[in-house]
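Q: I have a chain open here and want to go through it piece by piece. Can you take some questions on it?

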Amino acid sequence: MSNTEMSSSNYYTTLEVAKILGMAVRSVQLMVDRGDLQAWKTPGGHRRITRESLERWIQGSRAGVTGVASFTGHTGEIRGPGRRRAVVHVPRVLLIEDSSHFQNLVTMLVKQKFPSVDLHVANDGITGLVSFGHLQPDLIIVDILLPGIDGATMITGLRRHALFGNCKLVVLTSLDDDQRAPYAFALQGVDLVHKPRLVSELPPLIDKALGHLFAPAAQPEEAQEEETVADSSVDAT
């Protein structure tokens, strides 16, 4: 390939792609190795990734992230009778899980117990990393075993991400204590749910992570007025 083609803006280095996607260079190399991105190598062995394949993958990853709540944007509005309109933050959750069974189970739990949450689902770790940059969720729920890039490596990458900030993290796993040992470096200080107990263990952790974002139920003014009248009657007696 000619020098002109090599220096063309139609190609990126792995470092440039890593910066664009907000992930580690090794993650980009894995994407090339598994065919998610098209690349060729220079005589020195350096990868050059085509702009076309990068743009195609980004579009595909966005399409592959699904939402289950009917919210647009990250804020919602609550208006009580006779009250001034208040803007509240809509809690956003990203689930990174390759099992359709557990995708459906978590989706059902969230819809039943936390209907105000805006839930999105990614099917693998690399898509999850890119989706995190797009969505900037308040909570990430991630399986420790994922195709392409394992959950432990992804968690480490997320913690280094400039946008991670105050994002909360919950890890799902079917592994027992001994089997988790190789992933201990990534699980330190992280809330963990054993999948056989997901139904009972996950909702309290979601509430713990997002409870401060849930809008309190507004008390109708009529009810407040009735309570005031009742209190006055008691005082009068």
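Q: Where does Gln 136 sit?
A: Gln 136 is in the loop between H6 and strand E9 (139–143). Keep in mind that this is a predicted model.

Q: Buried or exposed, or partly exposed, for Gln 136?
A: Gln 136 is partly exposed, with a relative accessible area of 43%.

Q: And what is its phi?
A: The phi of Gln 136 is near 45°, which is positive, and the residue is not a glycine. Most residues other than glycine have a negative phi.

Q: Which helix does Gln 136 follow?
A: Gln 136 comes after H6.

Q: OK, how many residues of H6 are buried?
A: Nine of the 11 residues in H6 are buried, and the helix is mostly covered.

Q: Which ones?
A: In H6 the buried residues are Gly 125, Ile 126, Thr 127, Gly 128, Leu 129, Val 130, Ser 131, Phe 132 and Leu 135.

Q: Take Ser 131. What is its relative accessible area?
A: For Ser 131 the relative accessible area is 1%. With under 20% as the cut-off for buried, Ser 131 therefore counts as buried.

Q: How far is the C-alpha atom of Ser 131 from that of Ile 58?
A: Those two C-alpha atoms are separated by 9.3 Å, while the residues are 73 apart along the chain.

Q: Switching to the whole chain. How many helices and strands are there?
A: The chain has 10 helices and 11 strands.

Q: What share of the residues is buried?
A: Of the 237 residues in the chain, 41% are buried.

Q: And the accessible surface, what does that come to?
A: About 13,100 Å² for the chain, with 50% of it belonging to carbon and sulfur atoms.

Q: What about contacts between residues 24 or more positions apart?
A: Among contacts in the chain with a separation of 6 or more, 65% are between residues 24 or more positions apart.

Q: Now H2 and H3. At what angle do they pack?
A: Helix H2 (residues 14–21) and helix H3 (residues 25–33) pack at about 105°, and their axes are 8 Å apart. So H2 is roughly perpendicular to H3.

Q: Which residues meet there?
A: From H2 there are Thr 14, Leu 15, Val 17, Ala 18 and Leu 21, and they meet Val 25, Val 28, Gln 29 and Met 31 of H3. By class, the contact has seven nonpolar residues, two polar ones and no charged ones.

Q: Which residues of H2 are buried?
A: Thr 14, Val 17, Ala 18 and Leu 21 are the buried residues of H2. Their arc around the axis is only 105°, so they lie on the same side of H2.

Q: Why would residues like that point the same way?
A: An α-helix has 3.6 residues a turn, so residues three or four places apart point the same way.

Q: And which are buried in H3?
A: In H3 the buried residues include Ser 27, Val 28, Met 31 and Val 32. These cover an arc of only 145° around the axis, so they are on the same side of H3.

Q: Last one, Thr 173. Which strand is it in?
A: Thr 173 lies in strand E10 (residues 168–173). Thr 173 is buried, with a relative accessible area of 1%.

Q: What does Thr 173 touch?
A: Leaving out residues up to four places away in sequence, Thr 173 touches Asp 143, Ile 144, Arg 180, Leu 192, Val 193, His 194 and Lys 195.

Definitions and conventions
Residues are numbered from 1 along each chain as its sequence is written. This is a predicted model: local features need pLDDT of at least 70, side-chain atom pairs count only at pLDDT 80 or more; totals for chains, interfaces and linings use all residues. Side-chain values use heavy atoms; hydrogens and water are left out. Axes are lines fitted to C-alpha atoms, for helices over the stretch in contact, and angles run from 0 to 180 degrees between N-to-C directions. Helices (H or I, at least four residues) and strands (E, at least two) are DSSP runs, numbered from the N terminus. Angles under 35 degrees count as roughly parallel, over 145 as roughly antiparallel, 65 to 115 as roughly perpendicular and the rest as oblique. Contact means heavy atoms within 4.5 Å. Ala, Val, Leu, Ile, Met, Phe, Trp, Tyr, Cys and Pro count as nonpolar, Asp, Glu, Lys and Arg as charged, and the others, Gly among them, as polar. Buried means under 20% relative accessible area, exposed over 50%, partly exposed in between (1.4 Å probe, protein chains only). Accessible areas come from the Shrake-Rupley method with a 1.4 Å probe; for residues, only the protein chains shown count as cover. The arc is that of the directions from the helix axis to the C-beta atoms.
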